[in-house]
Amino acid sequence: MYKHMIGKSSNKVLNTIERGAVKKFAESIGDLHPIYSDRDYAKNSRYKNNIAPPTFPRVLDFGVIEGLILPKSGLIHGEQRYHYERPLLVGEDIYCYAKVVDSFEKAGANGTMYFLAIDNNGEDLQGNIIFTSTIVMIITEEVRKGMGI
Amino acid sequence: MKTLSELQIAASLDPIQLEPVSRLDLIKYAGASGDYNPIHTIDEAASEAGLSGIIAHGMWTMGNLSKLFSPFLEEGFVQDYTIRFARMVYLNDVITLKANLVEKAGEVFTFKVAAENQDGKVVISGVIKFKLY
C-alpha cells in the first residue's frame, strides 16, 4: 500500500543532542549510568563528553515525508534496528532525515498485513553518517479499512 | 568489575529484573520520548483499541534492554541493535533483561538479547553487536 512511496525522503532537519533531553530520556528507561548525565564522569571517560543511549534517536525530529499518510491509531511497531558508527555526543548538532525504504504485504489469518519500513538517519554537519535506523511498521487489514484507503 | 572482552562464548551478562511496570514509568517515557500515543497511558484509549489495559511502549522495553551494556562503554559501544517486538507488556508485568554472547568476530561481540515477562515469555528479542575499541 506504500509501494509508490519507496525512495521518498524528508528534508534534513537540524537537531541538537540536548543535555536535558538525554538525562530525562536515560532516566525514563532506568539507565542511570553517569556517562549519560554526569559532566565530571564524562570528562574522565574515553568520550570526554556525555553520550546518549542507543535508542535516544526516538526523541529526534526526522522531518516530514510529503504524501506519507499513516493511520491515526492501530499502527503496530514490528521491528526496530539501529546501526552506529559511534555514539551520539551530548551537545552536538546533527542533521536527521527519514526515508521510505520498503513496503510489502503478507497474507495473515485475519487478512492482509501491510508492512512499511522507514529509515531514520543522522549525519554530522559534514554529511558523515553517525547512525542509521529502521522502523518496521505493520498495518492490519482492519486498520487500513479504517483509513478509508 | 568483569570486563566484557574477557567473556567467553555462551556466557551471559548479569540479568536485570525491573520493578513491576507502572503507569508512571510509561508517563515518564511518553514525556521523555515524545510518544504520547494514549494506549500507553490512558485506560479508555487502550480499551477502545481492544486492549485489556494500557501497554508499554515497545521502545520503552527496547530502551531498558540496552542498559545491560552501559557498564562496558569504556570498552566499546553498541554498534548494532536489532529488535523484534513479540508480545505486549502490560501494567505490573515484571520484565527481566537478558544478554547472551553468541559470537566473537575480531572486535565485534554479538549477543542475543531478550526481555521476558514473569511467565518466562519473550516480549522482545533481538541482537546487539558490541564493538570493542
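Trainee: Ground rules first. What counts here, and how are things numbered?

Mentor: This is a predicted model, where local features need pLDDT of at least 70, side-chain atom pairs count only at pLDDT 80 or more, and totals for chains, interfaces and linings use all residues. Residues are numbered from 1 along each chain as its sequence is written, chains are lettered from A and ligands numbered from 1 in the order in which they are written, and side-chain values use heavy atoms, with hydrogens and water left out.

Trainee: Okay, B:Ile9. Where is it?

Mentor: B:Ile9 sits in the segment before β1 (16–17) of chain B. Strands are DSSP runs of E, at least two residues; helices are runs of H or I, at least four; both are numbered from the N terminus.

Trainee: What does B:Ile9 touch?

Mentor: Leaving out residues up to four places away in sequence, B:Ile9 touches B:Leu101, B:Val102, B:Glu103 and B:Lys104. Contact means heavy atoms within 4.5 Å. The C-alpha atoms of B:Ile9 and B:Val102 are 5.5 Å apart, yet 93 residues separate the two along the chain.

Trainee: New topic. How many residues are in the largest nonpolar core?

Mentor: It has 75 residues. B:Leu4, B:Leu13, B:Phe69, B:Tyr81, B:Phe111 and B:Val113 have the most contacts inside it. A nonpolar core is a set of buried Ala, Val, Leu, Ile, Met, Phe, Trp, Tyr and Cys residues joined through side-chain atoms within 4.5 Å.

Trainee: Which residues does B:Leu4 touch?

Mentor: Beyond four places in sequence, its contacts include B:Leu13, B:Phe69, B:Phe111 and B:Phe130.

Trainee: And aromatic pairs, how many over all chains?

Mentor: The whole structure has 10. One is A:Tyr82 with A:Tyr84, stacked, 6.3 Å centre to centre, 25° between the planes. Rings of Phe, Tyr and Trp (its six-membered ring) pair if their centres lie within 6.5 Å; planes under 30 degrees apart are stacked, over 60 edge-to-face, the rest tilted.

Trainee: Why does A:Tyr82 count as buried?

Mentor: Because its relative accessibility is 4%.

Trainee: How about B:Phe69 and B:Phe130?

Mentor: That pair is stacked too, at 5.8 Å centre to centre and 25° between the planes. B:Phe69 lies in the loop between α3 (58–65) and β2 (76–85) of chain B, and B:Phe130 in strand β5 (residues 122–132), so the pair ties together parts 61 residues apart in sequence.

Key: Buried means under 20% relative accessible area, exposed over 50%, partly exposed in between (1.4 Å probe, protein chains only).
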